[in-house]
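Please read each point with the structure open beside it.

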Amino acid sequence: MNGWPILTTLTLTPLFGALVTWIIGRDNARTARASAVGFSLLAFLQAAVLVMRFNTVATGLQFVERHAWIPALHVDYFVAVDGLSILLVFLSALLIPFALALSPVAPNQPHGYYGLFLLLQTGLFGTFTALNFFHWFIYWELSLVPAYFLIKLWGGENRRAAATQFFVYTFVGSVTLLLAMQAVYLATDTFDLIQLADLARSGELGRNLQTKLHWTGLSSGALGGLLFAGVFLGFAVKIPVMPFHTWLPDTYATAPTSVTMILTGAMSKMGVYGLLRILIPIFPQPMRDSLSLLMPLAVLTIVASAFAAFAQKDLKRLLAYSSMNHLGYCLLGLFAALMPSLNSAAGAGERAAVLSGVLVQLFNHGITAATLFGFIALFEKRSGGRRAIGDFGGLRQVAPVLAGFMGIAIFASVGLPGLNGFVGEFLIFKGAFPLAPVPTTIATVGILMTAVFYLTMIQRVFAGPLNPAWTRFPDLTRSEIALFVPATVVMFVLGLAPGLILNLVNPAVLEFVKRLAP
Amino acid sequence: MDYPGLIKLLAPECLVVLTALGVLFADLKFWRGLPSRQRFGRGVALATVGLLAAALFAGMGEKSADLLLGTLVLTRVSQFLKLVLLLLTLGTVWLCSDADFTDHVGEFLALLLLAATGMMLLISTENLLMIFVSLELVSLSLYVMTAFNKRSSCSAEAALKYFLFGGMAAGFMLFGFSFLYGLSGSIHLPDIAVALRTKGSDPLAMAAIVMVLAGFGFKIAAVPFHFWAPDTYDGAPAPAAAFIASGSKVASFFILATLLQAGMPGAAGSGAWNAFVPGWMPIVAILATASMVFGNLAALAQSSLRRLLACSAIAHAGYALLAIMAEPADAKPALLYYVTTYALTLVGMFGLVSVVEGGNGDDSMGQLAGLSQRSPLLAACLSVFGLSLAGVPPFAGFFGKFYLFVAVAKSGPTLSSFWLVLVAIAMSCVSLYYYLQVLKQAWVAIPVEGSVPARASRPLVLVVSLLALAVVLLGCVPELLLRFLR
């Protein structure tokens, strides 16, 4: 593109903002908050420019910046966006100001809280734009550190335990990811994700691994499988795929709610993005070989998390499981796209539908889930930190506006046609059914259960007799309405005109499908 | 070669010696009556001028020379390293700017500068005799500097241990050198290399290698020659300890790598898993593994900052030793990048230690409690150094480790040295724990009632912040340093 390195400035804006906030916001919550919101809006503006100037017709990478960085290791500084990442970059830019606005006004040590929030955003931007594993991994880990401290220092009850659990789990995944990619690097001498994908396609990666690593005594297939497992574990923990999910409910429930908005809205997408950008392109064959194991895991994630959500008493835990359920659809879609199909021409169409569905679902779920957690933040603020499902009841009578807006978000999450949640799920199921009929059929149970637990939640919280404790429960204030109206508008617009974002991802999806063909 | 030409080649060394004598003279003649803080201040100013002048000459001087059977060998890399050593010396000198641990100011600074001279000579030679003589110049100066705090019995004890071990190690090394001379009839490394190639794995050559490595093992504090390190780091005055940990390490590693790779390529052997071939490689592999394991595990148990740094120094010696086993093309850049950034970090760390100790000489970790409130800048610097030592991106320590591990793993046609890298990575994970313990004290722990506010003189804060900046910068753009090391 033209000269301005927009992706680099986009990534560095929050980092710089974090420094400024940390320095000027010391002991002054207002300044810290203003500075953080200001910098996140600045980042949002850049992301908006990025989306506006994004070429929806061209395939391939855009806004490429590539500079030799460490010649000794053949590492380039290489950032770019394409259809796979543009939505996620935009999502990260959108959610951070939203979450900041819903943060407690004066947390203790405000400069630390707001500074870490911006640092987290740098990690997100970096992960979604980097195309060289070297700095991609640095950003990937960078996002972990602020999240850990935000949970540990500003979380709810048992925050230390939850933060440590979160860190250890994701860190173990990161270590196996790093080790596997190290082996790949030593065999190929490059960290360039695009180049590695090409090597994998031509079969050279497998041959290199075989010659360099034969001293381990493993066959080429076993070696590929082992490395694949290492990388997969890294992403599986992050998404999370059952049974690697046990950190998630505690973490989501304990983190400050505005942080949970980011955890579910943006950070959970990092795992799926990793599958799209690293795992599938670089390890297509081991991935296909293990589908018979992975597919049941995806179905398990969808169905079991929906049932688990139904059993929860705590609203945050309920939404945590629901979030897992929604990402399960993405997994189902991704795995189905790799299934062999008899009719290759029709198969390509199905695969494209499924992958578009996955990308759209990622974006929509980010918006919807973050909004729902945002409402929980309001509940906590109004009720002095209570959020058990049984604590409320009949709120519709005293807070009709709140009930209305939250109802819309819930129905978007259920997947009601006309709202954004429907589009992604429909495309995923439409495409996945012909490719993998049995798992898809079982997964529909998850959809049903989603409706059941969400409707139960509406019933217990908003309908029924008013809980006498909440006769003075305040409705949404004007500034809160101003915050939730845009989110609701987005839900409607993307539900009615999904083409707006489908166009962004379409060329990349077609390209991806073409490269998937064996 | 005539004398003016020789002096021109050795201009940096000559200038440092002249500065040493100048400081000694000025202190004895003019500053005797002043309090020691002021004397240190003036001495530091004078030494700074001398060191900067020497750095200027080192930067602009001749880039290649080979005189008198390798007695003086100048290369682009060694000239650059001389610059690094001068800067490290400068950093160390500035750590003294606020010191008052001794009344013998001129002597201390002069010894420091003489040690620096020794290091500079050490890295510009390929001659066994010259190696030994310069190494002794470094060692003898450092022994005395360690003992300089006469008010503390620890200082004397540390110096005595350091001296006894050092004397023994020097004996071993000289004995090993004599075998090498006996085998090859030369003290010039390239000639020795030729002779050893034909001799193969001669038992005498093996004995020589073991003894030489024992001698160097002491200098770099590799297990099992490490016993002096914790006591010396603990008892020595902070600038002396900083210099032992930084400049001395850089120079020793450089010459060790030269000695093994240029002087004994024929006797390398192999340290590959399950396929040891006698030579210096397996010995280095064992020293490295033992150092990494012992250093990191021992550091877990330390409650004193200085002893912790000593244990971590043992561990880092282990990592750095790995680099010597890499292919020659990668070995020197990887090794030198690693030890240089490590040295910068350690000078900064000892600067912080001297601040934290305040007046009372207590360097327990509790002294750090609440540093982030008492002095955010120093706490930030501490975090940079700590995370860099642990190998966390984006600091220099991360890239150093990464490059080093890759260089080792890639050596040879297959990845057979990978087991060493696996040990190193596992031990790096262990090290993260104790570095984070230190940071936790600084950021999370609540300051003890009546703890001294962290007060530091301006030059000290300046040098510590500059070093932290360098560690960040070199981590983000390693090429800044790497291109001079190739």
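1. A residue is taken as buried here if 20 or more other C-beta atoms lie within 10 Å of its own. The model is a predicted one, and with that cut-off the buried residues of helix H19 of chain A are A:Pro439, A:Thr440, A:Ala443, A:Gly446, A:Met449, A:Thr450, A:Phe453, A:Tyr454, A:Met457 and A:Val461.

2. As to what lies over those positions, the cover of the buried residues of H19(A) includes helices H13 (291-310), H14 (315-338), H16 (395-398), H17 (400-414) and H18 (420-435), which belong to chain A. The length of H19(A) itself agrees with expectation, because its 25 residues (437-461) should span 36 Å at 1.5 Å a residue and its end C-alpha atoms are 37 Å apart.

3. From first C-alpha to last, H14(A) reaches 35 Å, which is close to the 34 Å expected for its 24 residues at 1.5 Å a residue.

4. Which residues touch the most other members of the largest nonpolar core? In this core of 383 residues they are A:Leu87, A:Val231, A:Leu332, B:Ala323, B:Leu335 and B:Val408. Helix H15 of chain A (residues 344-383) supplies the largest share of the core, namely 19 residues. For A:Val231, once neighbours within four places in sequence are left aside, the contacts are A:Leu177, A:Ala180, A:Met181, A:Ile278, A:Leu279 and A:Phe283.

5. A:Leu362 lies in helix H15 of chain A, and this residue counts as buried because it has 24 C-beta neighbours inside 10 Å. Apart from neighbours within four places in sequence, A:Leu362 is in contact with A:Leu87, A:Leu88, A:Lys269, A:Val272 and A:Cys330.

6. In chain B, the axes of helix H10 (residues 228-235) and helix H14 (residues 305-324) come within 8 Å and cross at roughly 140 degrees, so H10(B) is oblique to H14(B). The crossing in which H10(B) passes H14(B) is right-handed. On the H10(B) side, the residues that meet the partner helix are B:Ala229, B:Pro230, B:Tyr233 and B:Asp234; on the H14(B) side they are B:Arg306, B:Arg307, B:Leu309, B:Ala310, B:Cys311, B:Ala313 and B:Ile314.

Notes. Residues are numbered from 1 along each chain as its sequence is written. Chains are lettered from A and ligands numbered from 1 in the order in which they are written. This is a predicted model: local features need pLDDT of at least 70, side-chain atom pairs count only at pLDDT 80 or more; totals for chains, interfaces and linings use all residues. Helices (H or I, at least four residues) and strands (E, at least two) are DSSP runs, numbered from the N terminus. The expected span of a helix is 1.5 Å times one less than its number of residues. A residue is buried if 20 or more other C-beta atoms lie within 10 Å of its own, exposed if 12 or fewer, and partly exposed in between; C-beta atoms are placed from the backbone. Two residues are in contact if their C-beta atoms, placed from the backbone, lie within 7 Å. A nonpolar core is a set of buried Ala, Val, Leu, Ile, Met, Phe, Trp, Tyr and Cys residues joined through C-beta atoms within 7 Å. Axes are lines fitted to C-alpha atoms, for helices over the stretch in contact, and angles run from 0 to 180 degrees between N-to-C directions. Angles under 35 degrees count as roughly parallel, over 145 as roughly antiparallel, 65 to 115 as roughly perpendicular and the rest as oblique. A crossing is left-handed if the near helix is turned anticlockwise from the far one by less than a right angle, and right-handed if clockwise.
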